[in-house]
Amino acid sequence: MDALSLYDLNVLVRRSLEQCLPDTYWIQAELSDVRTNSTGHCYLEFVQKDARGNNLIARARGTIWSNVFRLLKPYFEEATGQAFVSGIKVLVQVTVSFHELYGYSLTVQDIDPTYTLGDMARRRKEILKQLEEEGVLTLNKELEIARLPQRIAVISSPTAAGYGDFCHQLQNNPRGFYFHTELFPALMQGERVEESVLAALDKINARLDKFDAVVIIRGGGATSDLSGFDTYLLAAACAQFPLPIITGIGHERDDTVLDSVAHTRVKTPTAAAEFLIDRMSDAADELEVLAGRLYDGVRSLLAQEHQKLVAYRNRIPSAAYRYISDAKLALLTVRKDIVQASALSLSRQRHRLELLRQRLVDASPEKQLSRGYSITLKDGRVVKHVSLLHEGDEITTRLYGGELISVVTNKSSK
C-alpha cells in the first residue's frame, strides 16, 4: 500500500488550495486575539459566532504583514474612530494560504472601514434602544442643572491636556466666577475605560451633596480610543446618575452612546468649561436685571411712601384736635357713668351690710340668752353633751342676767 508522508499531504493541500482559491476574497468576521510583534507584523484570529447561541462556528488564523499593517491600521482607526482590537467586526480582503508547518491561514490585503462603521452604528442603536425600552434613556437629560454650577466633579486622566485646558479655562474666566473642581482620576483610553469611569462615578455617588454636576472630559487622545464610551453598562450608569453629566470627550465626527445619554454634550474640554461659565454668566446677567428692577422698584416705593408721609403729616394737627375732643367727651361721659355706678354700688353694699349686721345680732349669744337660753361651762369650755360631765364636777351656768356656779350631784341622758 502506497502512503504519503504528512509533509507530502500538506504540500498537496497547499497546491490544491492555490489552484482552487487563487484570487483575493472579501470576508466578514470578528477580530480575536490581535497581537503585533517587534517586526511590526500583526497576528490575529478571525472568528464567526452563531447569531442565536453566540457560539463559535468558524475560526481562521490571520496575518497582516508589517508593510500592509503600518498603512492599514491608521487608515482604519482614523476612518472609524475605533481601535483595531479584538471584538470588532470587520470586512477584510484576504488571500487563502496553507503552510506545510503552520497550516491554513488568511493573509489580509485590505480592509473596508465602512462595514465596521455600520456595525458600530448598529451596536450604538441597539444600546440606545435597550435603554429606551428600560425607560432610562433620557433620565439624566431631564435633571435640572444648578443655576450656579460651581462645585464640579471631574472625571478625566490627571495627565490629559484636556483636563489642564478645562481647569485653566474655568480659573481664568473673564468675569472672575469661582469654581471648585475635584478630580476623580480615570483611564480615558484603552480597554479599561468602562471599568475606570464606572469606579469614578461610584466615588462621586457616595458624595452627591458635595457637587452640582459631573464633567467627563478627554483630550489629546486618538479618535481610535472612543470605543470605551460606547458600552451599555457605562451608558446605563450615566443615564441614571442623579447629577447632570456633561461630556467633552474631544471629537466632532459622531456622538458616542455616552454623549447620547448625558445631560449636555460638548465637543471639547474647553467647551465644557465654557458651558459652565456661560451658565454662571446667564445667572449673573439675570441677577443684574433683577437687581436693577429691585432698585427701581424700591425708589418708586420710597417716593410713594414719602408722599403718603407728607399727606399724613398735614393731616396730623386736625386729626389730633378731633381725637382730643372726642377723648374729652368720652371722659366726661365715663366720669358721669362712674359716679352713677359708684353711688348705686355703694347703696347696694350698705344694704347688704345692714342685713349682715342684723343677722349677726340675731345670732349673738347675748340675744339667745335674752330669750331664756343658758350656756353651761366647765373649766371655761362650753358643755355640749351631758356625757362630758361627772358627779362632783363644778360647772358655771351663764344666764342673761349673770352666772351661777353649781356642783353636779346627779345626771341623766336621753
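Predicted model: local features only at pLDDT ≥ 70, side-chain atom pairs only at ≥ 80, totals over all residues.
Let me begin with how the elements are named: helices (H or I, at least four residues) and strands (E, at least two) are DSSP runs, numbered from the N terminus.

Residues are numbered from 1 along each chain as its sequence is written, and side-chain values use heavy atoms, with hydrogens and water left out.

Is Thr256 buried or exposed? At 2% relative accessibility, Thr256 counts as buried, where buried means under 20% relative accessible area, exposed means over 50%, and partly exposed lies in between, with a 1.4 Å probe and protein chains only. The C-alpha atom of Thr256 is separated by 5.6 Å from that of Asp230, although the two residues are 26 apart along the chain.

Let me turn to the aromatic rings. The structure holds four aromatic pairs, and here rings of Phe, Tyr and Trp (its six-membered ring) pair if their centres lie within 6.5 Å, with planes under 30 degrees apart counted as stacked, over 60 as edge-to-face and the rest as tilted. One of these pairs is Tyr43 with Trp65, whose ring centres are 6.5 Å apart and whose planes stand at 90 degrees, so the pair is edge-to-face. This pair links distant parts of the chain, 22 residues apart, since Tyr43 is in strand 2 (residues 42-49) and Trp65 is in the loop between strand 3 (56-64) and helix 2 (66-80). Tyr43 is partly exposed, with a relative accessible area of 26%, and Trp65 is partly exposed too, at 38%.

Phe184 and Phe211 form another edge-to-face pair, with 5.7 Å from centre to centre and 75 degrees between the planes. Phe184 lies in strand 7 (residues 180-185) and Phe211 in the loop between helix 5 (193-205) and strand 8 (213-217), so the pair ties together parts that are 27 residues apart in sequence. Both Phe184 and Phe211 are buried.

Next comes helix packing, for which axes are lines fitted to C-alpha atoms, for helices over the stretch in contact, and angles run from 0 to 180 degrees between N-to-C directions. Helix 4 (residues 161-171) and helix 8 (residues 269-363) pack at an angle of about 25 degrees, with their axes 8 Å apart. Helix 4 and helix 8 are therefore roughly parallel to each other, given that angles under 35 degrees count as roughly parallel, over 145 as roughly antiparallel, 65 to 115 as roughly perpendicular and the rest as oblique.

Helix 3 (residues 113-133) and helix 6 (residues 232-239) pack at about 40 degrees, with their axes 10 Å apart, and that makes helix 3 oblique to helix 6. In this second packing, Ile127, Gln130 and Leu131 in helix 3 meet Tyr232, Ala235 and Ala236 in helix 6, where contact means heavy atoms within 4.5 Å.

I will finish with the backbone. Phi of Asp379 is near 55 degrees, a positive value in a residue other than glycine, and Asp379 is found in the loop between strand 11 (375-378) and strand 12 (381-382). Asp379 is exposed, with a relative accessible area of 70%.
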